[in-house]
Amino acid sequence: MADPDWMKDIRALVGKEYGRVYGWDPVNAPMARQWAELMGLDNPAYADGSAIPAAMLQVWCMEGPQLNHYPPGSTTENPYEALKLIEAHGYPSVVAVNSELEFDRPLNAGERLYYTTRLDAIGEEKATALGTGFFVTLVMTYFSQGDAAAGRAEDGRVGQLLFRVFKFKPANPVKPVADGVTAPAVPKILRPAPGISDDTRFFWEGAKEGKLLIQRCKSCGTLRHPPGPSCPQCHSFEWDTLQASGRGTVYSFVVMHYPEVPPFEHPNPIGLIELEEGTRLIAQLIGVKPGEVAVGQAVQVEFHTFDTAAGPMALPQFRPVQSVG
Ligand code: ZN
């Protein structure tokens, strides 16, 4: 699509470099250990502080829970100004498209990092299933500050993060008609079909018959979900299935507000359900107002059939029930 007139000024920003954003704390072992615990990494080198996980690169310069609360000396420019400007022309929604991290070398405790941001590219206007808009690419380059005592006199590049978003006008916005109630989903757009592999086929075939199946190791009996080829406990490839009761509790949840993606209704409550058998799965919550979902709430599975691009498919969803005892 040809650029609208107003895009010229925004496009002129491409290539602009935004100033430094510093990290609050130097690279340090306690944060690295806690991050590794949260990510479920059991590498002993992260626990004893002898190595810093490379994938933490972005973490070191994060602002924390307060928006735009950066350490003194950080830039006051807004590296996302192009997104704000596009938004002002009627493109309210944003979805992250892809993110690529590059690491130049391992980091050591004590290093102080900062990053600079470059507005790398703005694609031409594109029409997609989500809506019409622009792909915007930002590149954050991370540096370690020079430290003569550590044998690094100059600042040096340590890695890079490419972050691409799609800033768009939704194709079919679904407007709330009353508090907590949404208009019916747009009928023509089908639900996406799940990718089904030899490892996951049993789950969907069970759903078709109204059964919630959990994969079980034939060798040690450990239950696992999501399905996979081998047992994480004993590494056996032999497995069968157990039919779950369908009873569980809400272990955690999110309520999806934006972007509004047809045919889903919005807000869209999605639960991490802990089944009474012990495994957890992610499923849509039904029969509950998004503001009333609660952790620990008892739920029961229901199977509903939806039209998808791959034909009709049964999908497990969970509805709150009165908890017993
Ligand atoms: Zn096993």
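This note goes through the predicted model point by point, from the whole chain down to single residues.

1. Overall make-up. The protein has 325 residues, of which 34% count as buried. It contains five helices and 16 strands. The C-alpha trace spans about 65 × 55 × 40 Å along its principal axes. Among contacts with a separation of 6 or more, 65% are between residues 24 or more positions apart.

2. Domains. The domain assignment gives domain 1 as residues 7-170 and domain 2 as residues 201-320. The C-alpha centres of domain 1 and domain 2 are 33 Å apart. The points below take up parts of each.

3. Helix H4. This helix covers residues 81-88, and its buried residues are Ala-82, Leu-83 and Ile-86. Seen down the axis of H4, these buried residues fall within an arc of 100°, so they line one face of the helix. On the face of H4 turned away from the buried side are the exposed residues Lys-84 and Ala-88.

4. Surroundings of H4. What covers the buried residues of H4? The cover includes helix H1 (7-11), strand E3 (113-122), strand E5 (131-144) and strand E6 (156-170). After H4 comes Gly-90, which has a positive phi, near 95°.

5. Ser-93. This residue lies in strand E2, which runs over residues 93-103. Is Ser-93 buried or exposed? Ser-93 is buried, with a relative accessible area of 5%; the cut-off for buried is under 20%. Leaving aside neighbours within four places in sequence, Ser-93 is in contact with Phe-166, Lys-167, Phe-168, Pro-170 and Pro-259.

6. The zinc site. Which residues coordinate the zinc ion? The SG atoms of Cys-217, Cys-220, Cys-231 and Cys-234 do, at 2.3 to 2.4 Å. The angles among the four donor atoms are 103 to 114°, and the site is tetrahedral. For comparison, the ideal angle for four tetrahedral donors is 109.5 degrees. The donor residues of the zinc ion follow the spacing C-x2-C-x10-C-x2-C in sequence. Cys-220 lies in the loop between strand E9 (213-217) and strand E10 (223-224), and Cys-234 in the loop between E10 and strand E11 (239-243), so the pair ties together parts that are 14 residues apart in sequence.

7. Cys-220 is partly exposed, with a relative accessible area of 39%. Cys-234 is also partly exposed, and its relative accessible area is 32%.

8. Strands E10, E9 and E11 form an open sheet in the order E10-E9-E11, with antiparallel pairing. E10 and E11 are the edge strands, since each pairs on one side only. Between E9 and E11 there are five bridges, in the antiparallel sense. Cys-217 stands opposite Trp-239 in E11, and Cys-217 is also one of the zinc donors.

9. Strands E12, E15 and E16. Strand E12 (residues 247-256) pairs with strand E15 (residues 298-308) in the antiparallel sense over three bridges. Within this pairing, Gly-248 has Val-299 in E15 as its bridge partner. How many bridges join E15 and strand E16 (residues 311-320)? There are 10, again in the antiparallel sense. His-304 has Leu-315 in E16 as its bridge partner. The link from E15 to E16 is a hairpin through two residues. As a general point, side chains in a regular strand alternate between the two faces of the sheet.

10. Pro-192. This residue is in the loop between strand E8 (181-182) and helix H5 (201-208). Pro-192 is exposed, with a relative accessible area of 57%; the cut-off for exposed is over 50%. Not counting residues up to four places away in sequence, Pro-192 touches Phe-264 and Thr-308. The C-alpha atoms of Pro-192 and Pro-263 are separated by 9.3 Å, while the two residues are 71 residues apart along the chain.

Note on methods: Residues numbered from 1 in each chain as written. Predicted model: local features only at pLDDT ≥ 70, side-chain atom pairs only at ≥ 80, totals over all residues. Heavy atoms only, no water. Pairing = 2+ DSSP bridges. Helix = DSSP H or I, 4+ residues; strand = E, 2+ residues; numbered from the N terminus. Donors = N, O, S within 2.8 Å, 3.2 Å for Na, K, Ca; no water. Tetrahedral: all angles 85-135°; square planar, octahedral: opposite > 155°, others 65-115°. Buried < 20%, exposed > 50% of the residue type's maximum accessible area, 1.4 Å probe, protein only. Domains from an automatic or database assignment. Arc of directions from axis to C-beta. Contact = heavy atoms within 4.5 Å.
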